[in-house]
Protein chains: 2
Amino acid sequence: MSPALPKNIKIKNTRKSGVKIIRRIEEMVGVSKEYRKKNKTIGFVPTMGALHQGHLSLIRQARKDNDIVVVSIFVNPTQFGHKEDLKKYPRNLKKDARLCKQEGAEIIFYPDASQMYPANHRTYVTVEKLSDCLCGKSRPGHFKGVVTVVAKFFNIVNPDVAYFGQKDAQQAIIIKRAVADLNIPVEIKVMPIVRERDGLALSSRNVYLNKKERKDAVVLSQSLDMAKHLIKRKILDPRKIIKKMNELIRRKKTAKIDYISIVDLKNLEPIKRIREGCLITLAVRVGRTRLIDNIILKFKVKS
Amino acid sequence: MSPALPKNIKIKNTRKSGVKIIRRIEEMVGVSKEYRKKNKTIGFVPTMGALHQGHLSLIRQARKDNDIVVVSIFVNPTQFGHKEDLKKYPRNLKKDARLCKQEGAEIIFYPDASQMYPANHRTYVTVEKLSDCLCGKSRPGHFKGVVTVVAKFFNIVNPDVAYFGQKDAQQAIIIKRAVADLNIPVEIKVMPIVRERDGLALSSRNVYLNKKERKDAVVLSQSLDMAKHLIKRKILDPRKIIKKMNELIRRKKTAKIDYISIVDLKNLEPIKRIREGCLITLAVRVGRTRLIDNIILKFKVKS
């Protein structure tokens, strides 16, 4: 049926690292089909590589939940803007493979861009409205690229469950929406943000920060802590909280705010009064590096 | 795992007609899963109902190729423009069910629009460029609606093979492109146009035609026959052929040409010289009814 599959696919770890690296789409399709035939469940962690503890927490959860863990490593060109960091985005397959092995993943799916996007590629998946606000405003086309590549991966890897990080909150919300809207038979699990000791959310882009910027970058999580604190003190007007966060961040000379927003977790629209389950989210350029962070308000708000 | 499935799904024909009508998405997902577990192959024919011999030829082919045949009947609102015929589009489930039974289909998937597109639906699949020309020009958004609903159906029904009619040539080309681009594991088969004795391509919309219009409507297929004839006489300049077709059609007072185009079968771009495998395609409004027709040039062109 459909795409021609290589014959006699054998599922075994052929690499020294103990994790099999698959580069061909058809091979990945075939291997997943074999696992499914054997009633193995597949957990899938899509990444752009440069793996850190945030990614590893996803792989660990996938390992816990499933028979087979597939990690994709693909720096997806369609989610980068023209002036963004596609070229300089950190890449280190050897180290990533070691980490995947360490966490017990079976397979790294590592396709190249020419395979994922042949010259005649024309199809995109878009989630309207949710993709235009927050990060979508300063990164037009970004989420279109993300959702398209995730849809492709879901068809290629055919996982039972896919794992995403809460750090990319808008991404997780958009992907959940796309999965529901297109009836994609994959469960989406979103795992908590992993942070440095001082609070900075882990990101592959943190390596871009120089010493001064790295120190200043902690202001993102600090501003979120402050917001939580204010809310506990019953300040429930989002504008007041955003104003305070704004003031705190602007004290850092390397920081330039892209947005600070307090929104509904489903439709990403700004809310008028703080309530349980809202999303406080921000993007700040520290030096030339764009960082994001967020919290979901988990406690009951007493007014 | 992902969407909750109804327990204890039993696959049997519960309707007197011998074809089971499934209205709930989750039930269709569950039934398909059961078939897949039993290694049954599923052939899928997506339709908007008002079945005619064109549809039946697809169902027959599906019957020939697969263990199980699923026909969807869904008048998809997202592929109709505001001023188009969504409301008056012919609907006749009883007759359609009888025809499906007659052709040996196992299942009619018959969801309603509120299930397919809940209020918070935001996700669309678009095939860029290919969707903007020909019918896409006078029906903006049409193919976005088509590809989105087909992507949804593919995830719900999970077929091995899906069947489309060559009459909707642009639709078939766009769907093939989307399937390849998104790595959707479904084989697409496109079946020949079925025609009335006088040459008119079968369409559910032919019922809109009054007697005079019905008579005039034959001019679409006549103009294609003429084009073939001209090409056999070595007239290989598309402009000349289109001019002649135009003249022929304009003789009918009820006819108003939307487009006549001779294009490359892959990228739908106008070609400069007739060649084997090109698509000659046209849309004509006959009275208030928009009709389409086309041929693919199958013979070698000798110059």
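What follows is a short chat about a predicted model.

Me: Hi! Before we start, what are the ground rules for this predicted model?
Reply: Residues are numbered from 1 along each chain as its sequence is written, with chains lettered from A and ligands numbered from 1 in the order in which they are written. Local features need pLDDT of at least 70, side-chain atom pairs count only at pLDDT 80 or more, and totals for chains, interfaces and linings use all residues, while side-chain values use heavy atoms, leaving out hydrogens and water.

Me: Great. How many helices and strands are there in chain A?
Reply: Chain A has 10 helices and 10 strands, taken as DSSP runs numbered from the N terminus (helices: H or I, at least four residues; strands: E, at least two).

Me: And what are its spans along the principal axes?
Reply: The C-alpha trace of chain A covers about 65 × 40 × 40 Å.

Me: How much of chain A counts as buried?
Reply: Of its 303 residues, 55% do. Buried means under 20% relative accessible area, exposed over 50%, and partly exposed in between, with a 1.4 Å probe and protein chains only.

Me: Which domains does the assignment give for chain A?
Reply: There is domain 1 (14-191) and domain 2 (204-296); such bounds come from an automatic or database domain assignment.

Me: How far apart are the C-alpha centres of those two domains of chain A?
Reply: They lie 27 Å apart. As for contact, meaning heavy atoms within 4.5 Å, 21 residues of domain 1 of chain A touch 18 residues of domain 2 of chain A.

Me: Switching to chain B: where does B:Asp85 lie?
Reply: B:Asp85 sits in the loop between strand S3 (68-73) and helix H3 (93-102) of chain B.

Me: Is B:Asp85 buried or exposed?
Reply: B:Asp85 counts as buried because its relative accessibility is 12%.

Me: Which residues is B:Asp85 in contact with?
Reply: Setting aside neighbours within four places in sequence, B:Asp85 contacts B:Phe80, B:Arg205 and B:Tyr208.

Me: Now B:Ile108. Which strand is that residue in?
Reply: B:Ile108 belongs to strand S4 (residues 107-109) of chain B, and B:Ile108 is buried, with a relative accessible area of 0%.

Me: What is in contact with B:Ile108?
Reply: Apart from neighbours within four places in sequence, the contacts of B:Ile108 include B:Val19, B:Ile21, B:Val71, B:Ile73 and B:Cys100.

Me: And how far is the C-alpha atom of B:Ile108 from that of B:Ser72?
Reply: Those C-alpha atoms are separated by 5.5 Å, with B:Ile108 and B:Ser72 being 36 residues apart along the chain.
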